[in-house]
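Trainee: Please take me through this model one feature at a time, and give the cut-offs behind each term as it comes up.

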Amino acid sequence: RQSAVSACVRLISASMASMPITLSISDEDNYLTTTKKHSLWYVLNVRANKWQDAFAFREIMAFNLVLRGSAFARVFRDGSGNVTGLVPIPTKNVTVEMKTSGDIVYTITTNVDGSTIQVGAGDMLHIRGLYSDMIEPVSPLANASDSISIDMSMSEHQDQSFGSRRAMPGGIITSEKKLAANTLKNVEKRFDDRAAGKSKSWKTIALDAGMDFKAMNVSNTDSQFLDSRRFSVEDICRVFNVPPAMIHQTMHSTYSTAEQQHLGFVDFGLRPLAERIESAMRNQLFKFTETRKYVLNHDFWSLVRGDLDSTSKYLRNLVQGGLMTPNEARRVINLPKFDDKGADKLYIQQNMASVDNLDNLQNPDKTVTDTSGEDNNE
């Protein structure tokens, strides 16, 4: 119900869901080769279960993790142990218990009839938040309860002071002589019927002789209300590690600072969350023999697809530096593969040279004597 909390959670959840999860095979030298041949790739990127696409699944998992401190999903496997479906479970519907043997058992309470189902660790994906331990999830809302309650109190004060439930009178009608109670009620009713409400604003009011009207308006500036609300929003942004400019709190932001805040949000807000999710999925969804072979990574390229200028410069530097082939760069921006053989080769600018070879490049005709005493032109 608090706007800043809602905006932060929606921003983080949508950002995490917009990044596809790549599946790669790691060789002995830790070089990665992407693959789509594993069943888990289809579940995480196309269809999570019979009711949800992968985007909706990733979004609700990030939502529960950020808001509730833990995210749970029921895991369904085939006869070979491969994951065929993931169904998210609301955090409040899951109870975690550790047996004396060290095994963890999850009790799921259904929303239909309140019945319970118990599953083992192999049938549940459990992503733990920052403060959560093996058993108890700790909601970030609990740690930020003071800041959030203060802001909600100010929202209540706003409604009472400036909204439809305002407790402050709009003005006072004074008279030079004492009026009877019935006369006062008639004056008040005449005034309210004529001027109370938005549709009757700026109407001309005629008062009886000897009467005067004095407005009692308190501005937001005089009550320092706007400054308090602004600070409250910034305080809540600190809880979720979200720059205020990214939830439209742009009073002190410029274009350059907003760009740097976006980069900081990706590096320090989303990347640790992505690492937490990737680690849990790798350890809990793969078979034990596959954990050393397969690697999961969020594709952060998806977050900068709209910034074509920065993307083109970055890809150009990678291609010219020999770190990426032209076809690999085309794949990043969803362009079709170029069939020429040269598009799959690495290129590097020819003016690059090693330091120990600079003297030979400056004196190409210099005669060098090797260790055997024979002269060779290098």
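Mentor: Two strands count as paired if DSSP finds at least two bridges between them, and both strands (E, at least two residues) and helices (H or I, at least four) are DSSP runs, numbered from the N terminus. The model is a predicted one, in which local features need pLDDT of at least 70 and side-chain atom pairs count only at pLDDT 80 or more, whereas totals for chains, interfaces and linings use all residues. Residues are numbered from 1 along each chain as its sequence is written, and side-chain values rest on heavy atoms, with hydrogens and water left out.

Trainee: How many bridges join β5 to β6?

Mentor: The two strands run antiparallel, with threonine 95 standing opposite threonine 107 in β6. Their hairpin has five residues between the strands, and within this hairpin glycine 102 takes a positive phi near 95°. The number of bridges that join β5 to β6 is five.

Trainee: Which residue takes a positive phi near 80° in the hairpin of β6 and β7?

Mentor: Strand β6 (residues 104-109) and strand β7 (residues 116-120) run antiparallel and are joined by five bridges. Across this pairing, valine 105 stands opposite glycine 120, and threonine 107 stands opposite glutamine 118. Six residues lie between the strands of the hairpin, and the residue there with a positive phi near 80° is glycine 114.

Trainee: What is the average twist from one strand to the next in the sheet of β5, β6 and β7?

Mentor: The three strands form an open, antiparallel sheet in the order β5-β6-β7. Because β5 (94-98) and β7 stand at the edges with a single partner strand each, one side of each is left without a neighbour in the sheet. From one strand to the next, the twist averages 25°; for such angles, lines are fitted to C-alpha atoms (for helices over the stretch in contact) and compared between N-to-C directions on a scale from 0 to 180 degrees. The average asked for is therefore 25°.

Trainee: How many of the six residues of β6 are buried?

Mentor: Buried means under 20% relative accessible area, exposed means over 50%, and partly exposed lies in between, with a 1.4 Å probe and protein chains only. Strand β6 is largely enclosed by the rest of the structure, because the number of its six residues that are buried is five.

Trainee: How far is the sulfur of cysteine 8 from the closest cysteine sulfur?

Mentor: A disulfide is a pair of cysteine sulfur atoms within 2.5 Å, and the structure holds zero of them. Cysteine 8 is buried, with a relative accessible area of 0%, and cysteine 237 is buried as well, at 2%. The closest cysteine sulfur to that of cysteine 8 is in cysteine 237, and it is too far for a bond because the distance is 4.1 Å.

Trainee: Which residue stands opposite isoleucine 25?

Mentor: Another open sheet, with antiparallel pairing, has three strands in the order β2-β1-β11. Here β2 and β11 stand at the edges, each with a single partner strand, so one side of each lacks a neighbour in the sheet. Three bridges join β1 to β2, which run antiparallel, and the residue of β2 opposite isoleucine 25 is threonine 33.

Trainee: Which element gives the most to the lining of the largest pocket?

Mentor: The largest pocket has a volume of about 1,900 Å³, and of its 48 lining residues the closest to the centre are Asp299, Phe300, Trp301, Ser302 and Val332. A pocket is an open set of points on a 1 Å grid over the protein atoms alone, where a 1.4 Å probe fits, with protein on both sides within 12 Å along at least five of seven lines, and lining residues have an atom within 4 Å of a point; points are joined across faces, edges and corners, and the volume is the space filled by probe spheres set on them. Elements that each supply at least two lining residues include β1 (21-26), β2 (32-34) and β11 (294-298). With eleven residues, the element that gives the most is α8.
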